[in-house]
Amino acid sequence: MKVFDQPSLEALAAAVGELLLANGECLATAESCTGGWVGQCATAIAGSSRWFERGFVTYSNEAKIEMLGVDAELLVAQGAVSEATAAAMALGALRCSRADWALAITGVAGPGGGSPSRPVGTVCFAWAGPQGRLDTERRCFAGERAAVRAQSVAHALQGVLQRAARQPG
């Protein structure tokens, strides 16, 4: 398990910012289990207002519904921790912002809240971008709450780097 500290997470955010600036793009975030940590890393970078458009912290199901337009029936059918919910969160963040890219994170950071189908450490991600691009992924991270959350922030930012770097232009 790789350990991510705050300086390494901020370095990832800075790399995202450099790439998005070079592409003339910006980012919005929709975070649940990370509680705005991606947004905090982004805004720790001087000048991030040029590439970080806004962040939504949607910890409760009600917030996901009200702020991002996630369908309540989807939450009942799939659960808050699902790739489908992450996708709806990312698409909602795009729809409710002026961003070109959105990332979404929803998961079970622990120590409680896990289940056999979604054990502690289960985190679902989505990245939505230009031309209707939408990718989702489910990961299971090891460690205690802080480690799960830090790995989630790092994975989400790395996902933006990988996807935005592949864009033509």
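**Strands, salt bridges and a helix**

Reply: T122 stands opposite C140 in β5. Keep in mind that this is a predicted model.

Me: What makes β4 and β5 a pair of strands?
Reply: Pairing takes at least two bridges found by DSSP. Strand β4 (residues 122-128) and β5 have seven bridges, in the antiparallel sense. They therefore count as paired.

Me: Which residue takes a positive phi in the hairpin of β4 and β5?
Reply: Q131, near 55 degrees. The hairpin has five residues between the strands.

Me: Why is the contact of D135 with R133 called a salt bridge?
Reply: The cut-off is 4 Å between a side-chain nitrogen of Lys or Arg and a carboxyl oxygen of Asp or Glu. The closest N and O atoms of D135 and R133 are 2.9 Å apart. That is within 4 Å, so the label holds.

Me: What makes D135 and R163 a link between distant parts of the chain?
Reply: Their side chains meet in a salt bridge, 2.9 Å from N to O. D135 lies in strand β5 (residues 134-140) and R163 in helix α6 (residues 145-165), 28 residues apart. R133, D135 and R163 are linked in a network of salt bridges.

Me: Is R163 buried or exposed?
Reply: Buried. Its relative accessible area is 10%, and buried means under 20%. D135 is at 21%, so D135 counts as partly exposed.

Me: Why does the contact of E137 with R139 count as a salt bridge?
Reply: The closest N and O atoms of E137 and R139 are 3.8 Å apart. The limit is 4 Å, so the pair qualifies. By this rule the count comes to four salt bridges.

Me: Why are E137 and R139 called partly exposed?
Reply: E137 is at 24% relative accessibility. R139 is at 32%. Both values fall in between, so both residues take that label.

Me: Which residues of α5 are buried?
Reply: T85, A86, A87, A88, M89, A90, G92, A93 and L94.

Methods. Residues are numbered from 1 along each chain as its sequence is written. This is a predicted model: local features need pLDDT of at least 70, side-chain atom pairs count only at pLDDT 80 or more; totals for chains, interfaces and linings use all residues. Side-chain values use heavy atoms; hydrogens and water are left out. Buried means under 20% relative accessible area, exposed over 50%, partly exposed in between (1.4 Å probe, protein chains only). Helices (H or I, at least four residues) and strands (E, at least two) are DSSP runs, numbered from the N terminus.
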